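Subject: Handover of a structure and its findings

Dear colleague,

Please find below the structure that I am handing over to you.

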Amino acid sequence: MTAAIPERILDQLRANLHSAGIPATPADIDGIVAKGFLIRIAALDQLINEIPAITIPDTLRDTTDNADLPPATAPTPVHPEAIAGMGEIGAVAAAIRARRVSPTELTERALAAIANQDAQINAFQLVLADQARAAARQAEQELATGYDRGPLHGVPVAVKDLLDMEGTPTTAGSKILAGTVVQSDSYGVERLKQLGAVIVGKTRLSEFAYSPGSNNGHYGATANPHNLAYDTGGSSSGSAAAVTAGWVYAALGSDTGGSIRIPAALCGIVGLKPTYGRISLHGAIPLSWSLDHLGPLTRTVADAALLLDLLSGHDPRDPRTRRVAPPNALTNLTNGVRGLRIGVVRDDGTGGLGSTTSALIAWQRGLDALAAQGAELIDIAMPELDMFRTVQGCILALDAASFHEPWLRSRLDDYSEFMRQRILSSYAFGSRTGVQGQQVRAILRQRCLAYFEQVDLISTPSQPGVAPERGIPATTMFTGPFNNLGWPAISIPVGRGEHNLPLGMQLAGKPWDEATVLRAAQSIEEALGVLPVQRP
């Protein structure tokens with residue numbers, strides 16, 4: 001294996017690790033090579049050699065600076081009556097207000113299901129039973145007196161355990177942070193509390209969110225609720241499993257290369273990555289500052305649109321968020337797709353898509369549903385997607401290494417093998433590669449924006465096939481490029497493949513145009529239905 005990697009790259013890796021004072025072993029170097037963490041470095045060098053040296057580096061700031069859009073500084077208020085009959089949250093919100101069910105009953109059902117089933121699935125890092133019961137009682141009392149915080153009031157939800165929640169540890173799936181109790185809430189948790197949601201717990205993820213699977217050397221993998229022998233995908237593994245199993249109505253996840261959309265696709269639910277800068281990441285453990293996104297995992301498109309509307313807005317504590325027009329996704333959800341032009345990526349730069357037959361059939365099923373409702377399908381080649389896969393590895397690796405370097409020097413043995421070797425591989429890049437990678441991204445993003453002269457949305461499969469076996473990572477091949485672009489993207493279920501496991505379809509849109517992405521997704525859901533969980 002070592003011979004397949006140019007010796008200069010291995011020499012650079014060893015020299016940079018030594019210079020940084022990081023005590024990596026020869027076994028780690030061999031593991032880095034064997035796991036394929038270095039295979040795209042030579043391809044990146046070729047891309048860098050093809051760009052002008054005067055190119056201005058791209059940190060996605062221009063995606064977030066939309067001066068043409070009217071400003072909005074607060075999330076959109078949504079009244080429960082406005083979403084009656086829309087999604088599962090709309091239905092349960094109506095039931096709560098009609099007193100057919102209470103927040104306490106809903107919370108007890110969720111806690112009982114988690115207690116009975118999570119030993120098999122392993123979705124929760126921390127169950128907050130006492131806090132959840134107290135929040136449910138408070139919601140019940142407030143609603144009884146006429147104080148209504150909106151459609152999430154009294155509804156059980158969960159959050160990924162890289163979001164700070166006062167009085168609890170934020171492990172980020174790691175041993176390093178396991179004993180550190182935080183003293184304040186992240187934006188996502190703070191906002192859910194303001195809305196009266198009942199947070200029943202914090203969910204599992206791969207270590208520091210640095211894997212597209214649920215593999216975690218400290219806490220174990222998360223089983224797919226459709227078939228326990230298979231993986232949920234990652235890194236928002238527990239959030240996807242908790243929603244899929246029906247324990248919560250929504251969960252928050254983060255997405256750096258597909259960590260919302262991958263588990264959504266493999267579990268047969270909806271996962272939305274909004275535009276970069278749409279939702280604050282204040283209080284979230286970072287993986288890559290220029291690629292991280294926060295978003296919802298839900299059972300229905302309407303629920304994803306609701307969460308987007310409720311969470312979006314400028315947060316002065318996170319300079320990535322912008323004062324842009326609110327998405328108003330729910331308002332536009334039922335407008336249909338007649339006249340929309342869907343760019344169907346038939347070639348991603350590799351000469352094809354490299355997907356299984358079942359994945360392509362399921363994807364075509366979703367495309368046909370759009371065409372049947374009046375959308376126009378336009379085949380496109382998008383070679384930039386494969387180039388972005390090369391750039392993604394560089395930007396993500398160098399951002400992650402910058403955050404982790406102090407621990408790499410002092411606590412290297414507290415990382416599990418996969419995470420340790422993946423983060424150590426970041427040191428194979430040259431000293432100027434970070435800036436050069438941003439230069440390549442600048443050119444690729446400008447080229448990609450031109451596709452919107454031909455189409456309104458772009459579509460690919462979400463994954464090239466069904467979920468791998470439990471503990472084996474999936475792939476970011478279709479999802480990762482859209483983190484580099486900063487565009488909104490969603491995964492929605494469109495059928496089943498081998499082992500009766502779900503398959504997903506991805507739709508991506510223009511920056512800040514989540515409303516169009518969601519209404520197209522809604523049209524597919526109306527045609528194909530919500531994918532039920534079918535446990536073995």
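The model is predicted: local features need pLDDT of at least 70, side-chain atom pairs count only at pLDDT 80 or more, and totals for chains, interfaces and linings use all residues. Residues are numbered from 1 along each chain as its sequence is written, and side-chain values use heavy atoms, with hydrogens and water left out.

The sheet

Helices (H or I, at least four residues) and strands (E, at least two) are DSSP runs, numbered from the N terminus. Two strands are taken to pair if DSSP finds at least two bridges between them. On that basis, eleven strands make up an open sheet of mixed pairing, in the order 1-3-2-6-8-7-12-13-11-9-10. Strand 1 (124-127) and strand 10 (376-381) each have a single partner strand, so one side of each is left without a neighbour in the sheet. On average, neighbouring strands of this sheet are turned by 30° against each other, direction ignored; the axes are lines fitted to C-alpha atoms, for helices over the stretch in contact, and angles run from 0 to 180 degrees between N-to-C directions. Within the sheet, strand 12 (residues 489-496) and strand 13 (residues 502-509) run antiparallel and are joined by seven bridges. Opposite Ile 490 stands Leu 507 in strand 13.

Helix 1

Helix 1 (residues 7-20) has 14 residues and spans 20 Å from its first C-alpha to its last, close to the 20 Å expected at 1.5 Å a residue; the expected span is 1.5 Å times one less than the number of residues. Its buried residues (under 20% relative accessible area; exposed is over 50% and partly exposed in between, with a 1.4 Å probe and protein chains only) are Ile 9, Leu 10, Leu 13, Leu 17 and Ala 20. Seen down the axis, they fall within an arc of 105°, so they line one face of helix 1; the arc is that of the directions from the helix axis to the C-beta atoms. The face turned away from the buried side of helix 1 carries the exposed residues His 18 and Ser 19. Among the elements covering the buried residues of helix 1 are helix 2 (26-34) and helix 14 (384-410), where contact means heavy atoms within 4.5 Å. Just after helix 1, Gly 21 takes a positive phi of about 75°.

Helix 7

Helix 7 (residues 129-144) has 16 residues and reaches 23 Å, close to the 22 Å expected. Ala 132, Ala 136, Ala 139, Glu 142 and Leu 143 are the buried residues of helix 7. They cover an arc of only 130° around the axis, which puts them on the same side of helix 7. These residues pack against helix 5, helix 6 (103-121) and strand 3 (198-203).

Two single residues

Thr 298 is in strand 8 (residues 293-298) and is buried, with a relative accessible area of 0%. A polar atom of the Thr 298 side chain lies 2.7 Å from the backbone oxygen of Thr 300. Gly 90, in helix 5 (residues 87-97), is also buried, at 1% relative accessible area. Not counting residues up to four places away in sequence, Gly 90 touches Ile 83 and Asp 303, and Asp 303 is likewise one of the residues that Thr 298 touches.

Yours sincerely

Definitions and conventions:
A polar contact is a pair of N or O atoms within 3.5 Å; within protein, one must be able to donate a hydrogen and the other to accept it, and residues adjacent in sequence count only if both atoms are side-chain atoms.
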